[in-house]
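Please look first at the sequence and then at the three-dimensional structure.

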Amino acid sequence: MFIATWIPGGPLPALVAGVASHLALDAIPHGDAGIGHWVHSSPNHITKLQRLLPMVFVDQILGAGVFFLLLSSPLFHSIGFWTLLAGAFGSILPDYLTGIRDLLPKPPRWLESIHRLHEKCHYRGKEHFTILTGLIFQSLLVGLFILISFRVI
Ligand SMILES: [Zn+2]
């Protein structure tokens, strides 16, 4: 949504910029590795779904809450709703595609290619976070951006 305020051209460039921002930010350690290992170490498909779907559900609710909160921010008043939605959607699209790929028994080749690109963008060094400290780090960043968007700081 922040990037969508700088990119001219409406929803499509905002969507592309959102996807690019996701891939760029994945290169920074952010504490998701432990969750990924936990999900991918599932002994079977049912357990994988039982681990993945509640997290996805909570993530979507929180993401939608932050999106609608930010819509009322003065920073975004001059930007169209569809542009902001496209930017926000683009920023989570790589994770949706990887999630769909993970759930399909035999994903199509184009989806595998996108998934491999997504994986290549991920930070692969020493993990600096536990799941808890990663969640705290990400929550603090989201809170900081909310405060900035409402010009509190
Ligand atoms: Zn990602």
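The structure is a predicted model, in which local features need pLDDT of at least 70 and side-chain atom pairs count only at pLDDT 80 or more, whereas totals for chains, interfaces and linings use all residues. Residues are numbered from 1 along each chain as its sequence is written.

The secondary structure of the protein chain consists of six helices and zero strands. Helices (H or I, at least four residues) and strands (E, at least two) are DSSP runs, numbered from the N terminus. In sequence order, the pattern is α-α-α-α-α-α. The C-alpha trace spans about 50 × 35 × 30 Å along its principal axes. For 153 residues, a compact globule would have a radius of gyration near 15 Å, and the value of 16 Å for the protein chain agrees with this. The radius of gyration is taken over C-alpha atoms, and the globule rule is 2.2 Å times the number of residues to the power 0.38.

Two residues are in contact if their C-beta atoms, placed from the backbone, lie within 7 Å. Among contacts in the protein chain between residues at least 6 apart in sequence, 73% join residues at least 24 apart. A residue is buried if 20 or more other C-beta atoms lie within 10 Å of its own, exposed if 12 or fewer, and partly exposed in between. Of the 153 residues, 10% count as buried.

How do the helices pack? Helix α3 (residues 45-71) and α4 pack at an angle of about 170°, with their axes 11 Å apart. Helix α3 is therefore roughly antiparallel to α4. In this contact, α3 contributes Leu52, Val56, Gly63, Phe67 and Leu71, while α4 contributes Leu84, Ala88, Ile92 and Gly99. By class, these residues divide into seven nonpolar, two polar and no charged. Here Ala, Val, Leu, Ile, Met, Phe, Trp, Tyr, Cys and Pro count as nonpolar, Asp, Glu, Lys and Arg as charged, and the others, Gly among them, as polar. Axes are lines fitted to C-alpha atoms, for helices over the stretch in contact, and angles run from 0 to 180 degrees between N-to-C directions. Angles under 35 degrees count as roughly parallel, over 145 as roughly antiparallel, 65 to 115 as roughly perpendicular and the rest as oblique.

The axes of helix α4 (residues 81-103) and helix α5 (residues 109-121) come within 9 Å and cross at roughly 125°. These two helices are therefore oblique to each other. Their contact is made by Pro94, Leu97, Thr98, Ile100 and Arg101 of α4 and by Leu111, Glu112, Ile114, His115 and His118 of α5. This contact has five nonpolar, three polar and two charged residues.

Gly10 lies in the segment before α1 (11-26). With 14 C-beta neighbours inside 10 Å, Gly10 counts as partly exposed. Gly10 and Ile79 are 69 residues apart in sequence, yet 8.8 Å apart in space, C-alpha to C-alpha. Leaving aside neighbours within four places in sequence, Gly10 is in contact with Gly80 and Thr83.

Asp102 belongs to helix α4. Because 15 other C-beta atoms lie within 10 Å, Asp102 is partly exposed. Arg151 is found in the segment after α6 (131-149), and with 9 C-beta neighbours inside 10 Å Arg151 counts as exposed. The phi angle of Arg151 is near 55°, a positive value in a residue other than glycine.
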